[in-house]
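Me: I am new to this structure and would like to learn how to read its features one at a time. Could you take me through them slowly, with the general idea before each case?

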Amino acid sequence: MVKLYHLTMSHDEEEVQSLIRVKDEHKDSECCGFWCQLLLSLFGITFLFTGIIMADLWPQIFGGIMKNKLELVNNTQTYDYWKQIPVPLNMSIYLFNWTNPEETLQNGTKPILQQLGPYVFKENRTKVNANFNSNDTITYMQLKSWQFDQILSNGSLSDQITTVNIVLNILGQKLEAIHYHWIFVLVNFYLKMSNISKPFITKTAGEFIFDGYHDPVLDILDELQKHIPQIPINLPFKKVGWFYGMNMSTSADGLINMFTGVDNIEKLGLVHSVNYSENLNVFNKDCSASNASAGDLWPEHTAMQSNISIYIPSICSALTLTKKNYKFINGIKSMEFTGKSDVFNNTCYCPSSGCLLPGVRSLNLCGNNALPIFISFPHFYLADESYRQSIIGMKPNKTLHEFKIILENEYSIPLHIAARLQFNVKMNPIKDIKVLKNVPEVFLPVFWFADTFEVPKNVSDQLLIVTNVLPIITPYVWLTMSLTGCIMLVLSTYLWVSKKNKSFTVLDPL
């Protein structure tokens, strides 16, 4: 009996110990479940509100990030790209060969021009002597270098070209302005002694472009100025060539002062002054504030404007281009701007001597030393019909001769540039100079060039991510985060409710 009692008591003690262990395990389980549910709730709330807030604030945050990326600050990706363009531009030069100069002088027939080229050069640009200023600007000069590309060219630099003798023509125009008879007598004597009997000249393409050539008329000018210092002719070169002295030069574009966009992103890339002058138009002071870009960088929302202006150092003035239509460059949405017929309407570029018919602009803007050189679109594209009617050989074509710039639609990053301009020499008979008395009265095209640039593929791929991928994907990231937070909160709430409704019965023998 006693033995049976001890066995019963032993069995009951084992059951009690078992129930105590179950109770302790249940308490541990409840403790673990509590903290898990709490963490689930906290993460759910964090995900939900972070997603909602970021979805609302992300456009402003992303805009701030892009502003910091776009503004020109030292030791940044934008600065490195601006200072040294990673790929060379292609400069294609087309020269006009005057095929019938003798007939024109003797019979008065129209000049017949033959276009030769393109003579293609790889153009590299590097900003040098760059200094940041306290007024949110940077001052710099530009080193340009060109290397002939025979493969892309149609012709050789040894091709023979005949065109107007530009130095002789300048001399005639200058002397006609002062009109001293005795000077004409002296000039005719010097021309005869130098065997200069024709108003045209034949040289190679290379000499006309970069190499330059010596013209005996320059020696005549030197002699005239020795004896008559008051002659208003100052030609700052010893050789003649359209781009002579520009290769590997830092002074050709002048000293440019440009806004960096640090204080105001809407001024990024705009020209503040050139050679310390803020007046970019010497003819009309009301047109001097052009708000023109230097071309490499543009204010953030430029692509949304109806017109843009770009400063061209070679013509010492700005061109205004008009919005055309949307384009896609390597999948990037962009806006195309082109030069229209009003670019050379001369409203703002009319000298005191009188306004020209639309289509050409005087290069008198390049300092006080006025030269009879005029700029236009190639083949007088969009110019007054009279310019083309006075010569033979002009074939204007929108596709080949249009000046255009394509900017990325959101941040106005240049994706494609085709800058096309033609140089023309104004000719007219000078009766007191024997060599020039029979020349036609005409604007004679001598050459036109196309500077083209296409954004590199690796850069366009980065832009595609920034402009197309991120704006589309990022909102879905925040939406996914918010939905994840909602799911976590619903699950946490379900677990709390389930715990509250569930009861446990545990035997407590004590």
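Reply: Let us begin with salt bridges, where a side-chain nitrogen of Lys or Arg lies within 4 Å of a carboxyl oxygen of Asp or Glu; the structure holds 10 of them. This is a predicted model, in which local features need pLDDT of at least 70 and side-chain atom pairs count only at pLDDT 80 or more, while totals for chains, interfaces and linings use all residues. Residues are numbered from 1 along each chain as its sequence is written, and side-chain values use heavy atoms, with hydrogens and water left out.

Me: Which residue meets Asp296 in a salt bridge, and which parts of the chain does the pair link?

Reply: Helices (H or I, at least four residues) and strands (E, at least two) are DSSP runs, numbered from the N terminus. The partner of Asp296 is Lys127, at 2.8 Å from N to O, and the pair links distant parts of the chain, since Asp296 is in the loop between E7 and E8 and Lys127 is in strand E2, 169 residues apart.

Me: Is Lys127 buried or exposed?

Reply: Buried means under 20% relative accessible area, exposed means over 50%, and partly exposed is in between (1.4 Å probe, protein chains only). Lys127 has 1% relative accessibility and therefore counts as buried, and Asp296, with a relative accessible area of 17%, is buried as well.

Me: How many residues apart are Glu385 and Arg388?

Reply: They are 3 residues apart in helix H8 (residues 385-389), so about one helical turn separates Glu385 from Arg388. Their side chains meet in a salt bridge of 2.5 Å, N to O; Glu385 is partly exposed at 40% relative accessibility, whereas Arg388 is buried at 18%.

Me: How many aromatic pairs are there, by the rule used here?

Reply: Rings of Phe, Tyr and Trp (its six-membered ring) pair if their centres lie within 6.5 Å, and planes under 30 degrees apart count as stacked, over 60 as edge-to-face and the rest as tilted. By this rule there are 21 aromatic pairs. In one of them, the ring centres of Phe208 and Tyr213 are 5.6 Å apart and the planes stand at 80°, so the pair is edge-to-face; both of these residues, Phe208 and Tyr213, are buried. Phe243 and Phe447 also form an edge-to-face pair, with 5.6 Å from centre to centre and 65° between the planes. That pair links distant parts of the chain, with Phe243 in the loop between helix H7 (216-227) and strand E6 (256-259) and Phe447 in strand E15 (residues 442-454), 204 residues apart.

Me: Which lysine lies over the face of Tyr326?

Reply: A charge sits over a ring if NZ of Lys or CZ of Arg is within 6 Å of the ring centre and within 35 degrees of the ring normal. Lys333 lies over the face of Tyr326, at 4.5 Å from the ring centre, and Lys267 lies over the face of Phe259, at 4.8 Å.
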